[in-house]
Amino acid sequence: MHDRVVATGQPQISDLIMGAVLRRPILVVGVPVFRDGEVAYVLAMGLGPEILSALLKEQSLPPDWTAGILDRKGLIAARNRELDRFLGKPASPTLLKAMHGTVESWFPSVTSEGIPVYATFRRSPVTGWTAAIPAPTIRAAR
């Protein structure tokens, strides 16, 4: 990540990594500090995934909806529900397949918990991270 900040002169975010000090999953945000028009330093800060998860929880989604944020590798870096259970695990195979080669889409899918959903996602052109929201399908009344 440090090398990308220096090379691009732009803020960068790491994929989900294991923190060296606390030995827990974190993400690192790095920003350039310029001197005479050149990147002289990189300021970096580690953030716990629970911070992003809290932002997802603030969106007031229906209780049976699950929103998630995936790093560039497709690993779950934040979730509005059950973060401890899914943190660092890959997104569902159908979501990963749908994400391949496209920036955004929606499609019928099944969550990691086995719930039928319509899923939508959007990948950030800045970070390469993806936000995904699967909405439970509506079952016809009998």
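Trainee: How many aromatic pairs does the count come to?

Mentor: This is a predicted model. Rings pair if their centres lie within 6.5 Å. By this rule the count comes to 2.

Trainee: Is the pair of Trp106 and Tyr118 stacked or edge-to-face?

Mentor: The ring centres of Trp106 and Tyr118 are 6.0 Å apart, and the planes stand at 65°. Planes over 60 degrees apart count as edge-to-face. The pair of Trp106 and Tyr118 is therefore edge-to-face.

Trainee: How many residues apart in sequence are the parts that this pair ties together?

Mentor: Trp106 belongs to strand 7 (residues 104–110). Tyr118 belongs to strand 8 (residues 116–123), so the pair ties together parts separated in sequence by 12 residues.

Trainee: Does Trp106 count as buried or exposed?

Mentor: Exposed means over 50% relative accessible area, and partly exposed is the range between buried and exposed. Tyr118, at 44%, counts as partly exposed. Trp106 has 61% relative accessibility, so Trp106 counts as exposed.

Trainee: What is the angle between the planes of Phe107 and Phe121?

Mentor: Phe107 and Phe121 form an aromatic pair, 6.3 Å centre to centre. This pair links distant parts of the chain, with Phe107 in strand 7 and Phe121 in strand 8, 14 residues apart. Both residues are buried. The pair is edge-to-face, and the angle between the planes is 65°.

Trainee: Which residue in the turn between strand 5 and strand 6 has a positive phi?

Mentor: Strand 5 (residues 68–70) and strand 6 (residues 76–79) pair in the antiparallel sense over 3 bridges, with Ile69 opposite Ala78. The two strands form a hairpin with 5 residues between them. The turn residue with a positive phi, of about 85°, is Gly74.

Trainee: Which residue lies under Arg79, at 3.9 Å from the ring centre?

Mentor: Arg79 lies over the face of an aromatic ring. The ring belongs to Phe86.

Trainee: Does Asn80 count as buried or exposed?

Mentor: Asn80 lies in the loop between strand 6 and helix 3 (83–86). Buried means under 20% relative accessible area. Asn80 is at 11%, so Asn80 counts as buried.

Trainee: Which residue has its backbone nitrogen 2.8 Å from a polar atom of the Asn80 side chain?

Mentor: Beyond its neighbours within four places in sequence, Asn80 is in contact with several residues, including Ser53, Leu56 and Thr66. The Asn80 side chain reaches the backbone oxygen of Trp65 at 3.3 Å. The backbone nitrogen at 2.8 Å belongs to Ala67.

Technical notes. Residues numbered from 1 in each chain as written. Predicted model: local features only at pLDDT ≥ 70, side-chain atom pairs only at ≥ 80, totals over all residues. Heavy atoms only, no water. Pairing = 2+ DSSP bridges. Helix = DSSP H or I, 4+ residues; strand = E, 2+ residues; numbered from the N terminus. Phe/Tyr/Trp six-rings, centres within 6.5 Å; stacked < 30°, edge-to-face > 60°. Buried < 20%, exposed > 50% of the residue type's maximum accessible area, 1.4 Å probe, protein only. Lys NZ or Arg CZ within 6 Å of the ring centre and 35° of its normal. Polar contact = N/O pair within 3.5 Å; in protein donor to acceptor, adjacent residues only side chain to side chain. Contact = heavy atoms within 4.5 Å.
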